[in-house]
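Trainee: I would like to learn how to read some features of a structure. Please take me through them one at a time.

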Amino acid sequence: MTDKTGFSLKLKSDASQRLAVVLINVFIFALAYAILRAPAFVSLAFILLVIVGLLAADKYRIIAWVYDLFIRHKKLAFTVAFLCAMAMPLLFAPKSSQYIAHIAVMACIYSMVCLGLNFQMGSADMVNFAPAAFMGIGAYSMAVVTVNMGLSGWIGILAAIFFSCTAGLLIGLPTLRTKGYYLSLVTMALQLVFTQLIKNIPYFGGPNGITGVKSLSIGDFAFYKSYTLFGIKLAPHVPLFFFCLLILIFFIYIAMRVGVSHYGLSLNTIAQDEVAANCLGINCNRRKLFAFIIGSIFCGIGGALNAGLTSFVGPSDYTFARSLIFICMVILGGMDNPIGVVVGAFLLTVLTEKLREFADYAQLIYALVLVTVLIVRPAGLIPKRVRNYCALFNRKLRQLAEPAAPSVSEQTFQSEN
Amino acid sequence: MVPMGYLLDLIGSAVLLGCTYTLVAIGFSLFFGVMDVVVFCCGDIAIFGAFSILASYTILNGLGVTGTWPLLLVILLLLLIGILFCAVLGLLTHRFSIKPFEKSSALMPLLSTIALGTVIREVIGLMFMPVTNGVADMVAGENAVHVVSGRNPQSFPSLLSLGGSTAARNIIIVLVTVVILLLLFLFLNKTKTGLAMQAISQNKELSLMTGINVSRSIVITFVIGGVVLAISGFLVGSYQTIMSFDNGSMFGIKGFSAAVVGGLRNTWGAVLGGMLLAFVEVMVSGYVPNGSAYASILAFVVVVIFIVFKPEGIIGEKTVEKV
Amino acid sequence: MKNAKWFWATLIVLLAVALLFTGCGPQSGDGGESGDGGGSTASVVKLGFFAPITGGDSAEGTAARNAFLMAIAAANASGEYPYTIETIVIDDQGTDSVAVAGANQVVADPAVVAASGFWNSGPAAAASAVFKEAEIPLLIWGAIRDDLTNAGNYPYITRSAPTASQENSASAAVVLDDLGYTDWFIVSDAGDYGQGNLEVFTQELSKRGLTPLGSEVVQEDATDFSAVVAKIKNSGAKAVYCGSTVEIASLLKLQLYQAGVTDILFAGISGMKTPDFLKIGAEAAEGALVVSPGVDLDSTDAGRAFTEAYNLAGYSEPIGAYTPYAYEAALILLNALSACGDAPTAEAMVDAIKDSETTGIFGTTTFDEIGQTTNVATYLNVVQDGKWINYLNSEYADGTRSFGGQ
């Protein structure tokens, strides 16, 4: 709260801070719920309001204030957010909300892919044009394992992790020799080759794709199946929705931890200046490979879940155009900020579904959004947080001065970065 | 076993295809040479040029001009219109996708021009029909020729096929490509403006200090790029005869690949890259049974191999980054 | 602490507004949670309709939607049904995931009793799973891949259009048996449409003991077929089969013509029979022979009546090869609705559709044991002087003109 022009409010008592955390959390989720539920134009108006609101909030440093507040009451913020998130599938559980549940699950899956892409594009400034291909690798692994081999979906997930990891390594290796445009062109070529290759290999169903992909299941409890509870027929998405949310929360957690860790810092350094990073003793090759591998695993798991959701994989879903949409989501949300990326993915997924009748203009809208965001606000809706080592340092000093202070723990420091 | 005529046929096709790739690739290397950025919407600008020529032709046709005026005059007029459109589009590209990112990461203009390419493509698809039909109605009234849908394939006027012969057309395409290359080479190496542009590509700060008007040179680059791309659009359109609004993305990717394979900074590299790519595609299609399915995959594999093992391209000096 | 008061006030107002919209959400649009029971007092019955209204196949999809809505509007106007029939039109964009999301939208609505849809086979296969799971019947009007109707999907998934094999065997009977071509070269695209046709036509050839002189699969966005043309020229083929859509077929025919390969039969499949094919010019397009599903609309009274009604309605999209099939699908669904009485349910519609017997433009449609139509009709078209005309009425049939390569 050093900037005098910004929003600076000091909530004195601990109770009022906690109340603010709860209310803001509920507000965010209520907004997401309203955007999902509302009819097309109301939803559109909401999305516009959210965008304008976020821009204003950033200008007056409200976002930073909320961040600080949430970090101070990390456990509470997380618990409330977790409960709110887990309430979503329940709210969309009835059969009649099936479509909204479907959009929400799609938003979860796209968020996972965007988080994966963010490691490369956001943190290390290596624009990967092939997130859809990595997603496709995951989806096809799932399909081949469950349909062609008839094994369980869990093995499919493992296969998705393995193959997307391998692919990430294979495509990551050339990146050690190339950078900038060349790297982007390599990934672009991979994306185009992936789609064409899939179409030409009969084992993968060629252009017909693979039908009848099984979703995950525990024993007889299938994750994508309509159950009847208390006489109400439920949407088939409910168990999968819970599962996807859990995975997404886990991914956000990993992304945040990586972001504040030494890895995140060195990826940012590589993005700024690779030669300098090398001189600082950062093993650039290892860090870049790390970004590619973890990113492609995220994409691969997203793809495997997507295959289970649609019970079908085909080449038309994992194309270059889809990759561009993911890139658009990351840039809109805010590069190198996991929360921003998820917000971007959520907003664009809902926007696409709500504007179905204007699908003719969808590509144009995406492209215009991208051009505008790049010119007007390249940092995205929720820009990445500036690493504040000063605050960390001061706190550490303070902690050393009064060793009995109970409220600050070691963990707080790491997240404060 | 395979007759000689077959090989000659294939070589002919490859040369022609190579010309179309080269023309788009020149745009890439021109922009990269001066600005040090990849302008990814080159293919779309070229196709936009082709569509503006097609639209003007439709309108001129309604006025009854095409039959009465000499063919050469009509072609020149159409080319002029196409060049005008493409030059303006080139300037717009500079204004909205290059200039705002002068100080930021080099990948920003790449992303921005990809997005701009999509905008151009979609605008052709969505606006072509309303615009052409509206203007045609206004200008030609009852004689207006109407276009079905902007997204449907459109037929490009066969102005170069003198007397219906495709051989003449093909020769003209190759000749014009060579002439453009020569003119561009002469411009870049023999005129003051061209040399200034090359100087900028070598070192921007130093060029500023030596009194070169950098911003003027950049604008000139985009205008010249627009001219070259308009002519490519015309030739590509004449070669294909049937055009689709989204052809630009394919030509963009192929042109960029060709430029990379040849060496991004070098105009002659674009020719070599374009020809290499076209030969790989045509020969694989021609000699491997069912090779068409894999032709473009192989072309991309060639590109990746080049990027990884010889990123400076066929022609190009190796640079080592220093602090 | 004025600041703090403002903060709390704003936060509570914002929260209240958000919760308000959350609360009133269910009533606004997406089908309330209360209507779960189905249609005991149904005054509105809904049908889903899927077509690619935007994207590469929009011409065919939009025309089909027009025809479908035309039939439903006529039924509503006739007063035969004690309820209003509404159609939820979904644009599948020819993409699988979009189709699945749309299918979820349709099945989530408790008033929906049946759906019809799909021109592309991929989206049809992807959405079939959703319909099967929701136990709502889906009648496919345009997607032709053989395995869409199968024992596993029966009785929920039915199809009123001929499959790729049914369509191709009709064409094969003419070009292989009647015209007697033996030296074939097959070109198809890498998409599902092209691959399906390639497979089926190769089977037709091998049934007659023939093998193609060569076959080539081209990418869907390819524009330069000179290598393929050179290959065809070199193979000595007397006939080319092009199993692809109009974008590729027209360019291939044009480039064959430009390379001087004119003494050859150019046979194809319904996907290329559109006015766009004729844009390559009368001379280049001359003699292209394609099979179309259904019967020639100009040859029957019902067909002529349909064309007249469609043109009267003033749609800007011309009638495509599958437009009458979308109309037929509407008629089949309407017929099944009347069999279900005053309060149709999805459950009743499943049986009503599979047992239906509907007489429409193409004669009487019934379904076999896997839900495939038994009413298979096809006819041939040929380009003559820059126009598509029925092969039987053309100068090719009476011997005035002849295809190349004979």
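Trainee: Is Asp125(A) buried, partly exposed or exposed?

Mentor: First, the ground rules. This is a predicted model, in which local features need pLDDT of at least 70 and side-chain atom pairs count only at pLDDT 80 or more, while totals for chains, interfaces and linings use all residues. Residues are numbered from 1 along each chain as its sequence is written, chains are lettered from A and ligands numbered from 1 in the order in which they are written, and side-chain values use heavy atoms, with hydrogens and water left out. Buried means under 20% relative accessible area, exposed over 50%, and partly exposed in between, with a 1.4 Å probe and protein chains only. Asp125(A) has a relative accessible area of 24%, so it is partly exposed.

Trainee: What is the phi of Asp125(A), and where is Asp125(A) found?

Mentor: Most residues other than glycine have a negative phi. Asp125(A) has a positive phi of about 60°, and it is found in the loop between helix H5 (98-123) and helix H6 (131-148) of chain A. Helices (H or I, at least four residues) and strands (E, at least two) are DSSP runs, numbered from the N terminus. Asp336(A) also has a positive phi, near 65°. Asp336(A) is found in the loop between helix H13 (320-333) and H14 of chain A, and it counts as buried because its relative accessibility is 15%.

Trainee: How do H2(A) and H14(A) pack?

Mentor: Axes are lines fitted to C-alpha atoms, for helices over the stretch in contact, and angles run from 0 to 180 degrees between N-to-C directions. Under 35 degrees counts as roughly parallel, over 145 as roughly antiparallel, 65 to 115 as roughly perpendicular, and the rest as oblique. Helix H2 (residues 40-59) and helix H14 (residues 338-354) of chain A pack at about 155°, with axes 10 Å apart, and are therefore roughly antiparallel. A crossing is left-handed if the near helix is turned anticlockwise from the far one by less than a right angle, and right-handed if clockwise. The crossing of H2(A) and H14(A) is left-handed.

Trainee: At what angle do H4(A) and H9(A) cross?

Mentor: The axes of helix H4 (residues 74-91) and helix H9 (residues 238-260) of chain A cross at roughly 155° and come within 8 Å. That makes H4(A) roughly antiparallel to H9(A), and the crossing is right-handed.

Trainee: How many salt bridges are there over all chains?

Mentor: A salt bridge is a side-chain nitrogen of Lys or Arg within 4 Å of a carboxyl oxygen of Asp or Glu. The count over all chains is 21. One of them joins Lys288(A) and Glu274(A) at 3.1 Å, N to O. Lys288(A) is in helix H12 (residues 284-310) of chain A and Glu274(A) is in helix H11 (residues 274-279) of chain A, 14 residues apart. Both Lys288(A) and Glu274(A) are buried. Arg322(A) and Asp317(A) form a salt bridge at 3.9 Å, N to O, and both are buried. In chain C, salt bridges that share partners join Asp177(C), Glu204(C), Lys207(C) and Arg208(C) into one network.

Trainee: What is the make-up of chain C?

Mentor: Chain C has twelve helices and 14 strands. Of its 406 residues, 59% count as buried. The C-alpha atoms of chain C fill a box of roughly 90 × 60 × 40 Å along the principal axes.
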